[in-house]
Amino acid sequence: MARPEGLGLSAELATGLRAWSDWKDLYHEFGGGRVATDEQYRGWADQRRKLARRLSEETGATVVYQGDRGTRSRLPALR
């Protein structure tokens, strides 16, 4: 697995990606199994979109991520 810190990203984005991933590990049914409220989950999903946008901005790459219901979302390269 690639660590965000090793990809040449800004420290702020790397920290955000790490925090987002850690939250998923704690609340995912196959991870920590903690139960999130609907509001917490919506906040996490919103953060995913913001991080994907920032990743695209910093790298100039198209970012594809899996959505809430298995749908794929694509953010075009922004450079």
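Helices (H or I, at least four residues) and strands (E, at least two) are taken as DSSP runs and numbered from the N terminus.

**Figure 1. Overall fold of the predicted model.** Along the sequence the protein follows the pattern α-α-β-β, with 2 helices and 2 strands in its secondary structure. Buried residues (under 20% relative accessible area with a 1.4 Å probe, protein chains only; exposed is over 50%, partly exposed in between) make up 22% of the 79 residues of the protein. This is a predicted model, in which local features need pLDDT of at least 70 and side-chain atom pairs count only at pLDDT 80 or more, while totals for chains, interfaces and linings use all residues. Residues are numbered from 1 along each chain as its sequence is written, and side-chain values use heavy atoms, with hydrogens and water left out.

Figure 2. Arg53 counts as partly exposed because its relative accessibility is 32%. Between Arg53 and Val63 the C-alpha to C-alpha distance is 7.7 Å, at a sequence separation of 10 residues.

**Figure 3. Accessible surface of the protein.** The accessible surface (Shrake-Rupley method with a 1.4 Å probe; for residues, only the protein chains shown count as cover) comes to about 5700 Å². Carbon and sulfur atoms hold 50% of this surface.
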